[in-house]
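Let's take a walk through this protein chain together. Have a look at the sequence and the model first, and then read on.

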Amino acid sequence: MERIVEQTLLFDFYGELLTEHQRNVYEDVVLNDCSYAEAAEQYQISRQGVHDLIKRCNRILEDYEAKLHLVKKFLSIREKIEQIHVLAEGHEEIRKIAGEILEEL
């Protein structure tokens, strides 16, 4: 899986478990594509501090995934629903339900 997609999914599932400060910096750097220098200036910490915080957050998020497997389960369910959607060709009610489930994920 592409690293940025993986980081985004991990943040979507487990981001609320980070501290507010970690969440804000991580979101700005990883999701909003701010540079370490921009984040360091905004949060009044060093560039190295931003780097360390991002690294620590990645480790924390990966540890949650290793224990809970929510992203893995989500991706598996999404893939199976997409398969149902394809296999249900000609059965519009089934396709509709599969589409609704995909939207809810």
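What follows goes from the whole chain down to single residues.

A quick word on where things come from: this is a predicted model, so local features need pLDDT of at least 70, side-chain atom pairs count only at pLDDT 80 or more, and totals for chains, interfaces and linings use all residues. Residues are numbered from 1 along each chain as its sequence is written, and side-chain values use heavy atoms, with hydrogens and water left out.

Start with the overall layout. The chain has six helices and zero strands, where helices (H or I, at least four residues) and strands (E, at least two) are DSSP runs numbered from the N terminus. Reading along the sequence, you get α-α-α-α-α-α.

How do the dimensions look? The C-alpha atoms fill a box of roughly 60 × 25 × 20 Å along the principal axes. The radius of gyration of the chain is 18 Å, while a compact globule of 105 residues would be near 13 Å. That radius is taken over C-alpha atoms, and the globule rule is 2.2 Å times the number of residues to the power 0.38.

Buried residues make up 29% of the 105 residues; buried means under 20% relative accessible area, exposed means over 50%, and partly exposed is in between (1.4 Å probe, protein chains only). The chain exposes about 7300 Å², and carbon and sulfur atoms supply 51% of that area. Such areas come from the Shrake-Rupley method with a 1.4 Å probe, and for residues only the protein chains shown count as cover. As for contacts (heavy atoms within 4.5 Å), take those with a separation of 6 or more: 53% of them are between residues 24 or more positions apart.

Q22 counts as buried, at 12% relative accessibility. Leaving out residues up to four places away in sequence, Q22 touches L53, R56, C57 and I60.

Next, the charges. There are 13 positive and 22 negative side chains, and the centres of the two sets lie 8 Å apart. Lys and Arg count as positive and Asp and Glu as negative, without His and the chain ends; each charge is placed at NZ of Lys, CZ of Arg, CG of Asp or CD of Glu.

How many salt bridges does the structure hold? There are four, each being a side-chain nitrogen of Lys or Arg within 4 Å of a carboxyl oxygen of Asp or Glu. In one of them, R3 pairs with E6, with the closest N and O atoms 3.8 Å apart. R3 and E6 are three residues apart in helix α1 (residues 3-14), so about one helical turn separates them. R3 is partly exposed at 36% relative accessibility, and E6 is partly exposed at 25%. A network of salt bridges links R3, E6 and E62.

Helix α6 (residues 92-104) has E92 and R95 three residues apart, about one helical turn, and their side chains meet in a salt bridge at 3.9 Å, N to O. E92 is exposed, with a relative accessible area of 53%. K96 and E100 form a salt bridge too, at 4.0 Å, N to O. These two residues lie four apart in helix α6, about one turn, and E100 is partly exposed at 35% relative accessibility.

Finish in the loops. D33, in the loop between α2 and α3 (36-43), has a positive phi of about 60° although it is not a glycine. D33 is exposed, with a relative accessible area of 67%. In the loop between α3 and α4 (47-68) sits Q44, a residue other than glycine with a positive phi near 55°. Q44 is exposed at 73% relative accessible area.
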